[in-house]
Every structure is written in structure tokens, then in C-alpha cells.
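Biologist: Thanks for joining me! Could we go through this structure together, one question at a time?

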Amino acid sequence: MPKTKTEKTKVAAVKEAPIKESPKKDNRKVVLMQGNEAVALGALDAGVNFFAGYPITPSTEIAEILAAELPKRNGVFVQMEDEIASICAITGASLAGAKTLTATSGPGFSLMQEGIGFAKITETPCVVVNVQRSGPSTGMPTSPAQGDIMQAKWGTHGDAPAIVLYPDSVKESYELTIRAVNLSEKYRTCVILLLDEVIGHMREAVTLPDIENVRVISRIKPTVPPQWYKHYDENQKYLSPLASYGEGYRFHVTGLTHDSHGFPTNKASEAADMMERLRKKISHNIRDLVQIESHKMEDATIAIFAAGITSRAAKSAVAAARAEGIKVGLLRPLTIWPFPDDAVRRMLRNVETVIVPELNQGQLIHEIQRLTKDKSDSNLIAIQRVNGRLITPNDILRKIKEVC
Amino acid sequence: MANIPQKIIHEYLRHDKKFPHVWCSGCSNGIVLGGIIRAIADMQLDRDDIMMVSGIGCSSRMPVYVDFNTLHTLHGRSIAYATGIKLHKPHMKVIVVTGDGDCTAIGGNHLIHAARRNIDLTVVLINNNIYGMTGGQCSPTTPHEAIATTAPYGNIEPDFNICNLAMGAGASFVGRTTAFHAIEMQNMIKDAIIHPGFSMVEVISACPVIFGRLNKKGGAPDMMKAMRDNSIPLAAVEKLPPEKVEGKIIRGILRRDERPEYCDEYAKLVKRVQAKEAK
Ligand SMILES: Cc1ncc(C[n+]2csc(CCOP(=O)(O)OP(=O)(O)O)c2C)c(N)n1
Ligand code: SF4
Ligand SMILES: [Mg+2]
């Protein structure tokens, strides 16, 4: 057995927020905070200056913090009449030039779906944070669940490719909120951040980067004169400049299928072009979008595939099993959509067994199944829980021992 | 020649690819579009500052035709999108064009809350008493006993009085006019745009092709004549005996109040918070 000590945790992605010491920003160094606080802080550090939302457990702290902070920075906080209004208001504000975010949980996330589709078809940047709770319906408002993984991709009607990020810690909640805002601005779309209830409410020490070291991406503004402006410029590799309302460009935006100027069309060729553009801006940029963590996978014969809080239990289980000489590793998606197909294929080639623990009745596991060549594969093992309790390291360790 | 009305309207339209428009002949929507354009032209507003937002419906198809900042949103949600735009860019004149179904059925919640906040939006509600776009279903303003495709035996529901609804929710400017009274409409829209607060202009309109046909109202000219004959100006109401007012459309500005406007209040809050922070 190779020495596990020499193995390193690899995060297969650029860190957006390098951490550096700075003497002047002492109050920003190490802070004990909740996941929801980290999201609010990440939003502010990413330049979010407009929040519209409706209170819902377990996401409410995000709204409360931003209600206090945004007015200090000339930003707008508005409590809307419901979640539908919230997604609409942030989309409108974004088209007027704001960096926008809203936060909700399952019931509100369901209400927002039509508006999320509108932001996607109109290629309008915005971020929706969904601090997941047990469902369906009102479910258990203060209990964790990972039941919205598929909704985050398929929730709105029609084909609308998704970018969905999934942190596993308070620190990563901060980082991925910044990344979500950055990606929404860069790809001109609605980016979704899925949090687990326990991460939203858990307190952990976070080492904050100096604000000047936070990498912030903002939409590209057009440089052409208004008469040449195309709201969806097909010549710009699917990432075209975005004008704001009220600045001389007088463009049209509609949720109808549109041409590259934004005007409605029924032409088959233009409809196909629009749909291809929406698809390709995601599928042609997988390398930029997908982040995974590969933990002790080098020699693993058993892999665990888990996201968010469940991956933390899995990591503990990996340590315990490794202590007993079992070659097990963890593959963890930080980007859940687009799905990390390549990394999963590699994993499937190299291991004999994959364990997929998740707090739902089977969502991530279907993606692994999709990529499994032998569909009858009995070496794909589920651990699923939907009773409001977490999957523990012991639950996973037991499974590891059963299969090894 | 410069001021003949068609010329003015022509100047504000988007000409390439957007025409012919989707509206039936005889529809009132075009008259309302003309009223909005003339109001804006009269006021000599910079069109870069004009934001037109709509929902879904025949009436809500309007923005695509005009050379302003334009946003055609979801069914019922125009006021919510407009709220986001106005709060981020308070200097813009935000005009919401909506229908009776769009604004008072699916969008009713946004209407009452925007009115309550008194945010400076100008809502032009084209009330044709029906869901035109989807082919004639009942709306919250379909009159009692009228026929709709989803009320084939006559509508058993009472209808909304849109202006009362808006006033009840706190709108600070509320007016009603008809598509027949084009000049009155144009002036009312002007007043509504000038008014600093939530404004509702209800324009009683004709959908001859669907509502008119289902309810045997004759053609477009007959429906226009009915607007003329069945409406009375607010000023005349007091002088008339109640039986002559009963069942009539009352036209005019029903409310014009000074009340704190939401974006102003938000700006004050920001100032207050920042002054405290500076200490
Ligand atoms: C969420 C949703 N529900 C239903 C529809 C279908 N729909 C489109 S327009 C419309 C009614 C429009 O009526 P109104 O607002 O009065 O406009 P009009 O066509 O009469 O001008 C409906 C129900 C839709 N587009 N979206
Ligand atoms: S259906 Fe009615 S409201 Fe719609 S365009 Fe035709 S006449 Fe106008
Ligand atoms: Mg209607």
C-alpha cells in the first residue's frame, strides 16, 4: 500500500481569492462566522449592489445582513412581496446595470423557477442562493436535505443550461458566492449556489482575503456606438458585451425566442441559433466552469462521490478507512452543473466501487449511472437519507467495509 | 408639417423587422401606444431615460415597437421587474404597460405592493375586460354575466374596479379614461408620468375581435361609440342624479396625492445610515 501521507488534496481549479497577509485590514483576517454570513460577505466582496428577497428559513440571515450592509455602500436592499417578485426585481435591476443576488430556500426556489428561465433566455446576470431544506413542500424548515440538485438544473421549463455551485464549508460558501457572482457576470446568466441548511447555519473560522486580493469579474460593457450594438452578439464566442438600460443603448429584451438583436422571432434558423448559443456558452466552457476536489483518489479502489455537507462526512470516513488500510478516496464536485463528466469518467475507470451518499432519494447517483458503461453495475452503491438527519461518517464507513 | 401626429409617432417607432404588428384591426392597443408616444413627445423627455416594461398579453406586446429602453417580461410580473430597474436607476421614467389579466389577476400582488410602496412607476393598464391574447377567457374585469370562452354560460363572478383597487392599495395617482378619449388619455398619461409616486392610468379599451364578438358588441366603431356614450367625466358626476351615473364609466383623475415616494425614502435612509457610520 502506498503511503497516504505523501498524497495531497487537489483542487482542480483556480482559486479566485488568494489569501495574503496584510497589516492594515486586521479585522478581516480570521473571523468566526455562519455560512449564511459568509454568503452575504462574499456577495458584498464580489460587488453585489442590489438584493431583493423574501424571508425564508434557513436563508433569512443573508437578507438580514444585506439589509444592514447594502445601504452603507450605496447598494439597494428591498424586501419584496414574494420570491417571484424577488427574482424579477433582481433581473430588472441587473439589466439596469446592477450586480444582483437573491437568497431563498425550497418553497421560494420553486416559485422563482419561471423567473430563472427568463434570466437565462435573456442572458441576464444574477445569482440565486438556495439554502436547501427538507421538502417537498414546507417539509422540515430547519432540517438539512439535498433534494434540490435536480431542480437546480431542470426547475425551469424548456432547455436551459445551468451553472450551479455547491460549497462544503463556511469558507467555501464565501469563495463560491464570489465565484457565482463572477460567473453570472462573465456568462451572462442566472447562477445558482446551493447550500446545505447545516452549512448555512454552521459556524466556522474563515480566513478572509484582503479585499484587494479578491478577484472580481464584471460584465463587459459595449464599446460600439448604440446603432451597432447587438444584445446577443453572435461574434463574441457566446460571451457578448452587455449594455445597461438608461445609458443610450435603448435595446429590447424579451422572454420570447429572439434574434441576436433581442427582437422576437419565429424563424427556425434564428430559434435554433439562440438555443445553440445558450447551450454552447456552457458546454464550450466546461474547463472554466467545472471545479472538483479529488481527495486521496490516486490509489483508491473505492470512491465516494458526494457534495456539500455529505462530502464532509465522507472525508472523515475516508480518513478512518485509510487508517485501517482501505484504499478509498473522495471525489467532490464544487460545480454540480455542468456535471463534471470527465472527472467522473476517470474515477469510474480507476475504481472498482463507487459509493454515492446524498440527502435525497437518489439524484447525483443518476448522473454517475449515466456515465457508467455497464448499466447493470452492481458496484454503484447508494446511501440515501431523507429524514432530516445527516449521513454520518460511520454510515459511510460501514458501507465502505461492506464492499471492500 | 413637423407636428402632425403620425409624424411624431413614426419618429418613435422601431421600423426594421418589428412590423407588421400583432394587433387585430380595430384593437385599442395602437391608440394607447399613440397616446403614450404623444405624451412623451409633448414633454420632450429624453428617450434614453424612458423605460417601458410590460408583461404578457396583447397589450403587453407594445414595448417592442417603440424606440425606448424596452423590456417584455413574464405574465403578471412587469411591475416587479420595473421595481428593480427604478430602484437601481431612479432617474429613469419607468412606464409599465399591462392588461387587465396581467395586472389584476396573476400580477395583482405586485400591483398592490408597488402601490403601497408608492414607487414612482407609471402603470398604463389597458382594460379590455378579457384575456385577448389567449383567445377570450374570463379576466377579473370581465363584467358579471358577460360571455367568455371560460364562462360560456355567462360570468358569475363580480368584477374588479381597477381604480378603486389601486386607490385602496395606496396608489397616489389614479385616473381612468378610454381609448375613445385619445387627447384626454394622452394628457392623463402625461400627468401620471410627471406625478412623483405610483400612478395608475386605466384605459378602457376595445377588443372587438374577441370580447366584442363573444358579447355581440358590434364592430370596433360600435365599441368606440359605446365608450363615448357610456362614460361621463368626473366633473359632471356631482351634477347628475345617481340613476344617470349608475353603470357609467367615470373618467378623470380620481386621486392625486402627495405622499413620500419609495426611491426618495430609500435615498434618505442611505444618507441617514451613512451619516451614522461616518461618526
Ligand atoms: C404564467 C403564465 N400563465 C398563463 C399565460 C398565458 N397567458 C398569456 S397572455 C394571458 C392573458 C392576457 O390577458 P391581459 O393581461 O388582459 O392582456 P390582453 O391580451 O387582453 O391585452 C395569459 C393567461 C402565460 N403566458 N404565463
Ligand atoms: S385579440 Fe383583442 S386585444 Fe388582442 S389584438 Fe386582437 S383585438 Fe386587440
Ligand atoms: Mg385584457
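Modeller: Happy to, and please keep in mind that this is a predicted model.

Biologist: How far apart are the closest N and O atoms of Glu265(B) and Lys268(B)?

Modeller: A salt bridge needs a side-chain nitrogen within 4 Å of a carboxyl oxygen. Glu265(B), partly exposed at a relative accessible area of 32%, forms one with Lys268(B), and the closest N and O atoms are apart by 2.8 Å.

Biologist: Nice. Is Lys89(B) buried or partly exposed?

Modeller: Lys89(B) meets Glu247(A) in a salt bridge (2.8 Å, N to O). Lys89(B) lies in the loop between α3 and β3 of chain B and Glu247(A) in the loop between β9 and β10 of chain A, so the pair joins two chains. Buried means under 20% relative accessible area. With a value of 9%, Lys89(B) is buried.

Biologist: Which strands stand at the edges of the open sheet of seven strands in chain A?

Modeller: The order in this sheet is β4-β3-β5-β6-β8-β7-β14, with mixed pairing. An edge strand here has a single partner, so one side is left without a neighbour in the sheet. That applies to β4 (76-79) and β14 (335-337) of chain A.

How values were computed:
Residues are numbered from 1 along each chain as its sequence is written. Chains are lettered from A and ligands numbered from 1 in the order in which they are written. This is a predicted model: local features need pLDDT of at least 70, side-chain atom pairs count only at pLDDT 80 or more; totals for chains, interfaces and linings use all residues. Side-chain values use heavy atoms; hydrogens and water are left out. Two strands pair if DSSP finds at least two bridges between them. Helices (H or I, at least four residues) and strands (E, at least two) are DSSP runs, numbered from the N terminus. Buried means under 20% relative accessible area, exposed over 50%, partly exposed in between (1.4 Å probe, protein chains only).
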